[in-house]
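Walk through this model with the sequence open beside the 3D view. The tour takes one region at a time.

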Amino acid sequence: MSGTGTGEEPGARAATARALVLLRIRGRATAVALLPAALAVVLFAAGARGFADGGGWDAARWAVAVCAVVVLLIAGAVALAVVRAKPAVSPTVPLSEAAAPDLYRLVRELADRLDVPAPSAIALTPDCDSWLEDRTHPASDGSARRTEAAPVLVIGSPFLWWMRVAELRALLAPVVAGTSASAQPDIAAARRFVRGLDGAVADAAVPARGPVRRALRLPRVFVGRIARILLRSCRGHAAEMERGVAAAASLRAREVDYGLRIVAQEQVGLAYAGWDRLLTRVALPAWRMGRWPSQLDAGVVAALTELSRRDRLAEGYASRLGERPACDLLEEPGAADEAASLLAARLFHGGPAETGPDWSPVDWQQYPDEVVDRKWRSEAARLHRVLDAVGVPPAAAVGGVATLDRVVEHLEAGEAGGEELAAGITAAVAREEAEAEDEAQRRAKATAPGALSAPDPAAGDDLLALWGPDPLPLFPLQPPRTGTELLADHVAAMVCCAAVDTAGAAPGLDWLDGPTLLVDGERRADLGSPVLSLIEDGDAGPLRSWLASVGVRTDKPVRLV
């Protein structure tokens, strides 16, 4: 859409037309703000020439003048809010050219082939998506000229590890082609207008802190409502404009690796499936234990390789692994993976920005012992604390220590015992999560204000310089668990602890299913059904048969955390 091609592509023409509509909305808003002032000028001019004399005309002139001043002040406040507001920017890992010279070279060569401006910088996101993001705004550095810069290319970090170099280039072609829109003046101006309105609405919604902002709360809310009205009138046109930009970019990129792009799109779906399983089944249990896996992207490769081994539909995907992976385009893939992994923990779980005694990295070799075993024993300990709280007597035969018999006998005694345990565990989990949230807020308040600014994505070489300690927008991976689900998790954890302590089993990691129990080196994935039979029906038969097959002693003490 840059240069002479703008008028020849249907998508580009549609995008430009919508951009002009957005600019007309801006112009009409300006005209409405100036209308009372124009009317006041006409009335005063008419009075000066003797065409509108008399007390009634004088009163009308001054009433219109006062109205014009009020409207101009309001319009000025809205315009100032739009100009000063910093639009929302996606949390990403900045990737400097020094950290990825080969990747920058690939993107620039791709931009040359497409005859579009090259992106101004590259950043990574811990998600299976890629897009262009304009991060320039007059309020960002006090200069209005930076709005001419090309947008930042944001690349999903799982793509770099799973995709091959040629596949990544084909996937990025239509994305990079979209930079041509930044060179189209009408589209660029329309985008700045919409982003400014969005930023003004968001700024008005921020809770007032400090006496000055509290005093200006009502004016800010009023300005925000006007900006919201304008934004609502622009939203549909802005969406159509971006659809036109995407269509034009796709058409422009058709001649670049089009056949390979079909293969790359298949890899996108596979990468997304593996990434989702890795986050929900593997990363989430670790995050809940105060540990964050530091090589999530490398884990995607392991998960998808395991999927290709298990699923016949994925046969042939593993053969691709012999080709050069796109992460080779980075100078330090491990550092980039670690930064993206920490950002994923913050976005999907709400973890802190820095490591500490209750929030530390864990590599895959340590995961079974430091996450899986600790998770099981923590949940088993919580289960026995709830049993104590509801008055279930301890196992006197073994000196009052925790045994699996105590749990099984209580649950097979009747349905009410399971409901009582589920309610107690739910309350205990909620209490512990609230305490953890209070501690996180306390630490955030203790952080120096100077550390809250976001890094310039094109400036630093430190890949771990993320978005400061403030909490990021949280995108939870799973809905809250029900009491039955929590109880099933805790009973299964107690069974696993007993198997490790009395039957020689071991904690393990399954790349697709997360924490798993290894018996004689083999994964046992058949524990869920016997546990549910116990807690839902009070039927301990299936579980006792399972325990006997593994050789678990239910009367032996179990070590808790």
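Three strands make an open sheet with antiparallel pairing, in the order 7-8-9. Strand 7 (506-510) and strand 9 (522-524) are the edges; each has a single partner strand, so one side of each lacks a neighbour in the sheet. Direction ignored, neighbouring strands here are turned by 55° against each other on average. Keep in mind that this is a predicted model.

Look at the pairing in detail. Strand 7 and strand 8 (residues 514-519) are antiparallel and share five bridges. Gly508 sits opposite Thr516 in strand 8. Helix 10 (residues 258-288) packs on this sheet and touches strand 7 and strand 8. The direction of helix 10 makes about 95° with that of strand 8. Helix 13 also lies across strand 7 and strand 8, running at about 110° to strand 7.

Four strands form an open sheet in the order 1-2-4-3, and the pairing is mixed. Strand 1 (93-95) and strand 3 (131-133) stand at the edges, each with a single partner strand, so one side of each has no neighbour in the sheet. Neighbouring strands of this sheet are turned by 35° against each other on average, direction ignored.

Go through the pairs in sheet order. Strand 1 and strand 2 are antiparallel, with three bridges. Val93 has Leu124 in strand 2 as its bridge partner. Strand 2 and strand 4 run parallel and pair over five bridges. There, Thr125 stands opposite Gly156 in strand 4. Strand 3 and strand 4 (residues 152-156) are antiparallel again, joined by three bridges. Trp131 faces Val154 in strand 4 as its opposite number.

How many residues of strand 2 are buried? Five of the five are, so strand 2 is largely enclosed by the rest of the structure. Side chains in a regular strand alternate between the two faces of the sheet. In strand 2, Ala121, Ala123 and Thr125 lie on one side, while Ile122 and Leu124 lie on the other. Both sets are buried, and both faces of the strand are covered.

Which helices lie across this sheet? Helix 3 (residues 101-114) lies across strand 1, strand 2 (121-125) and strand 4. Helix 3 runs at about 115° to strand 2. Helix 6 (residues 165-177) lies across strand 3 and strand 4, at about 140° to strand 4.

Helix 1 (residues 10-48) has 39 residues. At 1.5 Å a residue it should span 57 Å, and its end C-alpha atoms are 54 Å apart, which agrees. Helix 1 does bend, by about 40° at Leu34. A proline, Pro36, follows within four residues of that point. Just after helix 1, Gly50 takes a positive phi of about 80°.

Helix 7 (residues 185-205) has 21 residues. From first C-alpha to last, helix 7 reaches 31 Å, close to the 30 Å expected at 1.5 Å a residue. Check its start. A side-chain oxygen of Gln184 comes to within 2.8 Å of the backbone nitrogen of Asp186.

Asp363 is in the loop between strand 6 (360-362) and helix 13 (367-389). Asp363 is partly exposed, with a relative accessible area of 29%. What does its side chain reach? The Asp363 side chain reaches the backbone nitrogen of Gln365 at 3.2 Å, and also that of Gln366 at 2.9 Å. Gln295 is 68 residues away from Asp363 along the chain, yet their C-alpha atoms are separated by 6.7 Å.

Is Arg406 buried or exposed? Arg406 is in helix 14 (residues 404-411). Its relative accessible area is 8%; the cut-off for buried is under 20%, so Arg406 counts as buried. The Arg406 side chain reaches the backbone oxygen of Val392 at 2.7 Å. Beyond its neighbours within four places in sequence, Arg406 is in contact with His384, Leu387, Asp388, Val392, Pro393 and Pro394.

Conventions
Residues numbered from 1 in each chain as written. Predicted model: local features only at pLDDT ≥ 70, side-chain atom pairs only at ≥ 80, totals over all residues. Heavy atoms only, no water. Pairing = 2+ DSSP bridges. Helix = DSSP H or I, 4+ residues; strand = E, 2+ residues; numbered from the N terminus. Axes fitted to C-alpha atoms, helices over the stretch in contact; angles between N-to-C directions. Contact = heavy atoms within 4.5 Å. Buried < 20%, exposed > 50% of the residue type's maximum accessible area, 1.4 Å probe, protein only. Polar contact = N/O pair within 3.5 Å; in protein donor to acceptor, adjacent residues only side chain to side chain. Expected span 1.5 Å × (residues − 1). Bend = angle between axes of the 7 residues up to and from the residue.
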